[in-house]
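Here's a quick briefing for anyone meeting this structure for the first time. Take a look at the sequence and the model, then read on.

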Amino acid sequence: MQIAGMHQGARLLRYVNFPTAEVIGADASDDAIQALIDRHGSIFIKPIFRGAVGKKGKAGLVGRAVDLATALAEKERLFFAQHRHGDSLVKANGVTFEGGVPATHEIYFSISDSTIYRAPTMTLTHLGGVDIEDLSPGQVATVPFDALTGLKAFVVANALTDIGAPRELISPLVQHLPKLWELVHHYGMTALEVNPIRMQRGRDGRLTPVACDFKCGFDRDDHRWERLDLPAHLFADDASAFEREVNTLRTHQGQSDVFVLNPHGTVLAPTFGGGANSLVTEMLGDAAIISTDFGGNPPYEKMKQVAAICYRHWLKQSNVLFIVGGKSNNTDIYETFRAMGDALREHFSQHGSTPLYVVVARGGPNLVRGMGALAETCDSLGLPYRQFGFDSAMSEVVLYARKVDTWMRGGGREAVAQAMRLAEPVRC
């Protein structure tokens, strides 16, 4: 999730005319804050975190005020508030002031891509405002729908009826919730969550859904999100220097998807293919430094640049360079292996040699030529290596790489360094 909160969320919801709580930013004047209090009776002060951060309310990081003095005191308390969520410690940079929305019903609504149904899926309950995992299955509707036809009104109506929602909620939600699919579909979102949607009663007695919190994430390869003119910093949350550097090479030719798993790991595993990546990272566990997918037939120059970035950031601490992938249909193995070998030569030339064991497992076009080129590079650099073809079980190959890593930890690294005639082997 790149966006959380109503600071940006209210603006996005206005694209599809979905009602929102009134929101003003930290730069609002005292008079503007007082006017907001006068209109709504009370206001909420919420810190702005980069990216989606949960459990803020339970951590006491949502303030409420009915007068200006309290609002300003809460602004001071929360403007740079720190919040630990799981293993992450994040720091706020600003606050929003949001008008209170009186209501007796709160709705949870989200749209995400389901790996169970292989389709966009709506999650909906009329008992929102809390963690939905605390609710029983019969109180939450989880409904897949066809992306071609979109989220239809009858899907929402049937879901609300199935979970026993009050009848007065059904009509206003049927009118407004399908708009949120338009926001997801037209602007390249991968997920959207609005919780709570508070059902505000108007003077005529009718209920209107009002969004009071918002989260969403985008597919960066789907350029429709660019229509929203979002600030660039929204997409920089938690990305390491390594990830940002690789992301500068994103093109339509070949994938360059990377994620740092353990910055203290000892196996550098440039992996080709999503299936191979899932198996390799799971079986390597904490030894894996990064998770990657470099498939899609990357050209020589791009593969060389990506490999050079990986080596520069992680090779010094690595015991094993594990180049692995399944049997390719279209990726030229010779071009990718030649690029990775050339990048390895240049890295050793520029940054010095390091004790390393190379394990290779791959299949696909020009496999023999590619393995020959990589073997020649290892021989010239004095690196021990082992290569496996497409007829080897990948799980067995991963176990072999783990055994090599264990051997390197237990004295093998010094032995390789001695064979390479390195005066001061690097210990990990």
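Predicted model: local features only at pLDDT ≥ 70, side-chain atom pairs only at ≥ 80, totals over all residues.

Residues are numbered from 1 along each chain as its sequence is written, and side-chain values use heavy atoms, with hydrogens and water left out.

**Cysteines**

- Searching the whole structure turns up zero disulfides, a disulfide being a pair of cysteine sulfur atoms within 2.5 Å.
- Take cysteine 212: its closest cysteine sulfur belongs to cysteine 216 and sits 17 Å away, so that's too far for a bond.
- Cysteine 378 is in no disulfide either, as the nearest cysteine sulfur, in cysteine 310, is 16 Å off.
- Cysteine 212 counts as buried, with a relative accessible area of 9%. (Buried means under 20% relative accessible area, exposed means over 50%, and partly exposed is in between, using a 1.4 Å probe and protein chains only.)
- Cysteine 378 is buried too, with a relative accessible area of 2%.

**Salt bridges**

- The count comes to 11 salt bridges, each one a side-chain nitrogen of Lys or Arg within 4 Å of a carboxyl oxygen of Asp or Glu.
- One of them joins lysine 46 and glutamate 98, at 3.0 Å from N to O.
- That pair ties together distant parts of the chain, with lysine 46 in strand β3 (residues 43–47) and glutamate 98 in strand β7 (residues 95–99), 52 residues apart. Strands here are DSSP runs (E, at least two residues), numbered from the N terminus.
- Lysine 46 and glutamate 98 are both buried.
- Glutamate 106 and arginine 198 also pair up, at 2.2 Å from N to O.
- Glutamate 106 is partly exposed at 23% relative accessibility, while arginine 198 is buried at 18%.
- Another salt bridge brings glutamate 193 together with lysine 215, their closest N and O atoms being 3.9 Å apart.
- Glutamate 193 lies in strand β11 and lysine 215 in strand β13 (residues 215–218), and this pair links distant parts of the chain, 22 residues apart.
- Where do glutamate 193 and lysine 215 stand, buried or exposed? Both are buried.

Conventions: Helix = DSSP H or I, 4+ residues; strand = E, 2+ residues; numbered from the N terminus.
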